[in-house]
Amino acid sequence: MANILIIDDDDLMCQSLSHVAKRWGHEVTCTHTLAAGQKQVSDHDFDVVFLDVRMPDGNGLMVLPLIQAASSAPEIIIMTGYGNPTGAELAINNGAWDYIEKGSSVKEITLSLVRALEYRKQKQNSNAARNVVMLKRDGIIGSSPRINACLEQVAQAAGSDAGILITGETGSGKELFARATHANSRRAEKPFVVVDCAALPDTLVESLLFGHERGAFTGAEQARPGLVAQADGGTLFLDEVGELPLTMQKAFLRVLQEHRFRPVGSQREVTSDFRLIAATNRNLDEMVDRGSFRQDLLYRLRTFAIELPPLRERREDLKILARGCVDRLCDRYSLGAKGFAPDFLRMLVSYPWPGNVRELFNAMERTVAAAGTEAILFPKHLPTHIRIHVTKATVGNGQPHAESPPRSMAPFPKYHDFRESIQVQAERQYFLDLLSLSQENIAEACRISGLSQSRLYALLKKLELPKNC
Ligand SMILES: Nc1ncnc2c1ncn2[C@@H]1O[C@H](COP(=O)(O)OP(=O)(O)OP(=O)(O)O)[C@@H](O)[C@H]1O
């Protein structure tokens with residue numbers, strides 16, 4: 001039995017597809033908007049998704065990479081009443097399993113579904129597991145289902161030259177995953193060139209990227225190759241791609257399509273055979289809606305999408321990440337090995353880590369320094385702001401501990417319930433602090449937290465915090 005999701009605003013279509021799939025013994029869920037479909041995919045595992053193209057809240061092809069990036073990485077069958085060859089090509093290029101028109105017979109639809117499920121089974125049994133095992137991890141630590149799904153995507157992406165867009169909050173490992181993709185690709189021996197789009201000075205952006213001829217502008221005393229040329233044969237990593245100015249976005253689109261460009265002040269064009277990986281912590285779809293990012297460029301960048309989960313959504317990796325970092329530091333400073341007290345680990349798990357792995361590593365550096373030669377790490381060794389944050393969250397909005405029943409009288413909670421309640425408390429405290437720090441200015445809160453506005457609103461709603469609390 002497989003789990004099938006149908007994303008289609010046409011109720012009749014949903015019913016008839018459901019009927020076909022249920023006859024084969026599959027579980028079926030239907031949603032009538034792209035937003036609801038995306039939510040289903042992020043909350044539940046699906047084997048196959050039937051995706052309509054023209055939906056009330058947008059074009060289904062735009063969310064295809066996001067659905068593929070879900071941890072269950074479902075096979076996607078595009079359904080449309082308006083078949084056209086370009087749409088079909090785009091869908092297949094983006095990894096859709098099949099593209100079928102709505103008028104197709106039940107037999108055709110069933111055949112596509114059966115084949116997609118057979119392919120998925122084979123893939124799960126062989127490739128995926130083998131690829132992840134064989135992958136050079138290049139320093140990536142973690143074995144949670146979410147990280148394993150991302151590693152599987154790295155393994156798949158490394159075998160092709162398709163453009164990749166890696167999204168995730170600050171410090172979640174976007175550059176690390178980009179380097180791992182390069183290291184596992186046929187380009188591994190060639191350069192990995194990083195372009196930090198947020199740090200490109202407006203006046204020099206073109207010459208830095210495309211190079212310049214001698215005398216092209218004041219101060220250009222020698223001809224210089226740009227970063228795009230330096231990436232020839234290797235990988236060009238566009239970090240913070242959402243910061244690329246609109247004029248450069250247009251120029252870049254052409255370079256991506258043709259792999260040719262003209263250095264500043266030059267008469268002739270130069271070619272560069274690079275593979276592009278881009279990363280951002282911004283919501284590029286929202287930027288497209290606002291007109292600050294080109295939709296055609298986004299299509300190109302997102303042939304393959306990898307969405308890295310924030311650390312607080314994969315807390316099972318915390319111990320191994322902290323362990324790896326502490327061992328490395330003890331080794332570097334010739335300190336003896338250090339153990340973790342149970343309270344220490346509990347505190348790590350209770351903190352929301354808005355700066356993700358980077359913040360965790362910085363905190364471990366300060367912790368090891370504070371512990372010196374002591375053999376066991378206790379909460380007192382952690383940075384003060386982390387201890388204050390967790391302690392405040394644990395006592396719950398300033399309520400004194402005395403209100404809770406004595407420990408021996410309270411029923412001991414199930415581990416899952418305990419973990420969830422601590423997580424919700426910690427998250428609530430994080431957002432209360434965030435709103436107070438940003439003086440309830442949502443744009444500022446988004447900037448500090450690295451969250452998009454829609455995600456921030458969704459989280460405030462989930463935690464039952466008013467937007468103007
Ligand atoms: N899964 C992981 N295993 C080991 N180290 C990790 C992992 N994820 C992140 N790191 C480490 O955390 C730090 C930040 O990672 P990285 O620079 O890749 O994040 P980023 O998402 O690109 O951040 P930013 O958006 O701020 O540029 C680095 O030191 C990196 O090595």
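# Cores, ligand shell and selected residues

Q: Which residues touch the most other members of the largest nonpolar core, which has 78 residues?
A: This is a predicted model, in which local features need pLDDT of at least 70, side-chain atom pairs count only at pLDDT 80 or more, and totals for chains, interfaces and linings use all residues. Residues are numbered from 1 along each chain as its sequence is written. A nonpolar core is a set of buried Ala, Val, Leu, Ile, Met, Phe, Trp, Tyr and Cys residues joined through C-beta atoms within 7 Å, and a residue is buried if 20 or more other C-beta atoms lie within 10 Å of its own, exposed if 12 or fewer, and partly exposed in between, with C-beta atoms placed from the backbone. In the largest such core, of 78 residues, those that touch the most other members are Val 49, Ile 77 and Leu 236.

Q: Which element gives the most residues to this core?
A: Elements are DSSP runs numbered from the N terminus, helices being H or I of at least four residues and strands being E of at least two. With seven residues, the element that gives the most to this core is α7.

Q: Between which domains does this core lie?
A: The bounds of the domains come from an automatic or database domain assignment. Both domains named here give residues to this core, so it lies between domain 1 (3-125) and domain 2 (139-309).

Q: How many residues are in the other core that lies apart from it?
A: Val 357, Ala 426, Leu 451 and Leu 456 are among the members of this other core. The number of residues in it is 30.

Q: Is Ile 77 buried or exposed?
A: Ile 77 sits in strand β6, and its contacts (C-beta atoms, placed from the backbone, within 7 Å) beyond four places in sequence include Val 48, Phe 50, Trp 97 and Leu 113. The C-alpha atom of Ile 77 is separated by 4.8 Å from that of Asp 98, although the two residues are 21 apart along the chain. Because Ile 77 has 23 C-beta neighbours inside 10 Å, it counts as buried.

Q: Where does UniProt place the feature "modified residue: 4-aspartylphosphate"?
A: UniProt positions are given in the numbering used here, feature names are shortened, and annotations may be inferred rather than shown by experiment. In an unreviewed entry, UniProt places this feature at Asp 52.

Q: In which strand does Asp 52 lie?
A: Asp 52 is buried, because 22 other C-beta atoms lie within 10 Å. Leaving out residues up to four places away in sequence, it touches Ile 7, Asp 8, Asp 9, Gly 60, Met 79 and Thr 80. The strand that holds Asp 52 spans residues 48-52 and is β3.

Q: Which residues come nearest to the ligand, among the 18 around it?
A: A residue is near a molecule if its C-beta atom, placed from the backbone, lies within 6 Å of it. Of the 18 residues around the ligand, those that come nearest are Ile 141, Gly 173, Lys 174, Glu 175 and Val 357.

Q: Which elements give two or more residues to the shell around the ligand?
A: The shell draws at least three residues from each of domain 2 and domain 3 (312-462). The elements that supply two or more residues to it are α8 (174-183) and α16 (356-371).

Q: How many charged residues are in the shell around the ligand?
A: Ala, Val, Leu, Ile, Met, Phe, Trp, Tyr, Cys and Pro count as nonpolar, Asp, Glu, Lys and Arg as charged, and the others, Gly among them, as polar. Six residues of the shell are nonpolar and eight are polar, while the number of charged ones is four.

Q: Which residues of α8 are buried?
A: The buried residues of α8 pack against several elements, including α7 (145-158), β9 (192-196) and β13 (275-280). These buried residues are Lys 174, Phe 177, Ala 178, Ala 180, Thr 181 and His 182.

Q: What is the phi of Ala 73?
A: Most residues other than glycine have a negative phi. Ala 73 lies in the loop between α3 (60-68) and β6 (75-80), and it is buried, because 22 other C-beta atoms lie within 10 Å. Although Ala 73 is not a glycine, its phi is positive, at about 40 degrees.

Q: Is Ser 334 buried or exposed?
A: Ser 334 has a positive phi, near 50 degrees, and is found in the loop between α14 (318-332) and β15 (339-340). Because 6 other C-beta atoms lie within 10 Å, Ser 334 is exposed.

Conventions
Contact = placed C-beta atoms within 7 Å.
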